[in-house]
Amino acid sequence: MDSLALFCTGALLICGLYWFVCLLGPAEQKGKRAVHLSGGSISAEKVQDNYKQYWSFFRRPKEIETADKVPDFVDTFYNLVTDIYEWGWGQSFHFSPSIPGKSHRDATRLHEEMAVDLIEVKPGDRILDVGCGVGGPMRAIAAHSRAKVVGITINEYQVNRARLHNKKAGLDSLCEVVCGNFLEMPFQDNSFDGAYSIEATCHAPKLEQVYAEVFRVLKPGSLYVSYEWVTTDKYRADNPEHVEVIQGIERGDALPGLRSYLDIAETAKKVGFEVVKEKDLAKPPALPWWTRLKMGRIAYWRNHLLVTVLAAIGIAPKGTVDVHEMLFKTADYLTRGGDSGIFSPMHMILLRKPEVHPSKS
C-alpha cells in the first residue's frame, strides 16, 4: 500500500505541475503559455537591466515629457509586459464595462465592435488602428465590419505577434500591421476612411501631436473615435490619496502623465476636428470595468508564484518576476481609481474631419 500511495501521490504532483505550468492560460484563449514568457525583443539576459532602465525614466520626469524620449520609454515597457499581458489578460490590452450574463471576453469584443460602429465604415473601407498592440481589437473589428484594418504600434515584437495571430485567425487579408510611431505615421495624407484608438493615445507625450497625425491621414468627412484614459471630475489634485493612485497608474502603465477629461475635446478642436459626441463609458448605468481586476486577485498570486518558479529554474528571464510584481501593484492602483471614480480608461470622444468645400469664385 505504501508503494501504491507514493506512486499515486507522485502522479498527482506531476499532473498538477503539468497543468500549472503548461495549461494555465491556454494559448487558444490567452495567446501565450507561461513557459513561453519572454522580454519581447529584449534578449533574456537583458530583461532585468531593461526593467531597471524603465524605472530610471521616473527618476528623470522631465525626460518622459519630451517626444523624443517617450518612444523608447513606451517600447521598453511593451517589450517587458506584452507576453505577461497576453498570458494573464488576453490579446486585447484594454478594459471594458462588465455586462450581465456576458463573459469578459464577450464584453471586450462588444466594446471593440462599438468603436467601429461609431465610425460608420463599410466593408472594404480602409481604417486605421492607432496603437494596435498585438491586434486583439483589430481582429474583432475586421471580423465584425469586414473593413480593411491597418494597425500601427511602436513595438516590433508586438508587430510580429499581431501578424502571427492575424494569420491564425484567417484575417491576414483584412489586417495589416506596421511598426511605427503614431506621432509620425508613415501614411499618406487623406488615405483612411476612418480611424479608432482604444486606450492607446494615453502614451503620447502631447495628445495634440497624435490627434494632428490622425487628422492628417483621414479623408475629409471621415470619423475617428478614441477611448481615452483620463482623470475625472472627482479627481482632486490636493488630495494625497488621489495623487498616489494616479501616479501609481502612470508609473505602472508607461504614461507621461494622465490628462483631465476636460482637455480631450479642446485638444481635438485645436487640430481641426469637429466633436460629434463625447461620453465617459465608465459612468453608470455602465457596470464597473475594474471588476475583472478584483476577481483576478487570486489568479494574480497564483501566476506570480508560477512566474517566480519559472524564473528560478531558468525558463523565464530574470526580471520577469519584477515586471509581474509591478503589474500586480498597478492593478491595485487601477482598482482604487475605478472604485473612487477619479479615473476612467474609456472616456469616448467621436470626431469628424470636416469636409473640404470648394471655394466660391
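1. The lining of the second largest cavity comprises five nonpolar residues, five polar residues and one charged residue (Ala, Val, Leu, Ile, Met, Phe, Trp, Tyr, Cys and Pro are nonpolar, Asp, Glu, Lys and Arg charged, the others, Gly among them, polar). Its volume is about 80 Å³, and the residues around it are Trp89, His94, Phe95, Ser96, Pro97, Ser98, His104, Ala107, Thr108, Trp289 and Arg292. The greatest share, three residues, comes from helix H5, which spans residues 104-118 (helices are DSSP runs of H or I with at least four residues, strands runs of E with at least two, numbered from the N terminus).

2. This is a predicted model, in which local features need pLDDT of at least 70 and side-chain atom pairs count only at pLDDT 80 or more, while totals for chains, interfaces and linings use all residues. Residues are numbered from 1 along each chain as its sequence is written, and side-chain values rest on heavy atoms, without hydrogens and water.

3. Three cavities of 30 Å³ or more are counted (on a 1 Å grid over the protein atoms alone, points where a 1.4 Å probe fits but cannot get out, lined by residues with an atom within 4 Å of a point; volume is the space filled by probe spheres on points joined across faces, edges and corners). The largest has a volume of about 360 Å³, and of its 27 lining residues Tyr78, Gly131, Cys132, Ala200 and His203 are the closest to its centre. H4 and strand S2 (148-153) each supply at least two residues of this lining, with H4 giving the most, four residues; the lining as a whole divides into 16 nonpolar, nine polar and two charged residues.

4. Helix H4 (residues 70-88) also packs with helix H7 (residues 156-168), their axes coming within 8 Å and crossing at roughly 35° (axes are lines fitted to C-alpha atoms over the stretch in contact, with angles from 0 to 180 degrees between N-to-C directions). Asp75, Tyr78, Asn79, Thr82, Asp83 and Glu86 of H4 meet Glu156, Tyr157, Gln158, Arg161 and His165 of H7 (contact: heavy atoms within 4.5 Å). The residues of this contact are two nonpolar, four polar and five charged.

5. Trp87, which is found in H4, counts as buried because its relative accessibility is 2% (buried: under 20% relative accessible area, 1.4 Å probe, protein chains only). Its C-alpha atom is separated by 8.0 Å from that of Leu37, which is 50 residues away along the chain.

6. The largest nonpolar core has 46 residues, of which Val225, Trp229, Ile249, Trp289, Leu293 and Phe343 touch the most other members (a core joins buried Ala, Val, Leu, Ile, Met, Phe, Trp, Tyr and Cys through side-chain atoms within 4.5 Å). Apart from it lies another core of 28 residues, including Val178, Leu183, Tyr224 and Ile349.

How values were computed
Buried means under 20% relative accessible area, exposed over 50%, partly exposed in between (1.4 Å probe, protein chains only). On a 1 Å grid over the protein atoms alone, a cavity is a set of points where a 1.4 Å probe fits but cannot get out, and a pocket is an open set with protein on both sides within 12 Å along at least five of seven lines; lining residues have an atom within 4 Å of a point.
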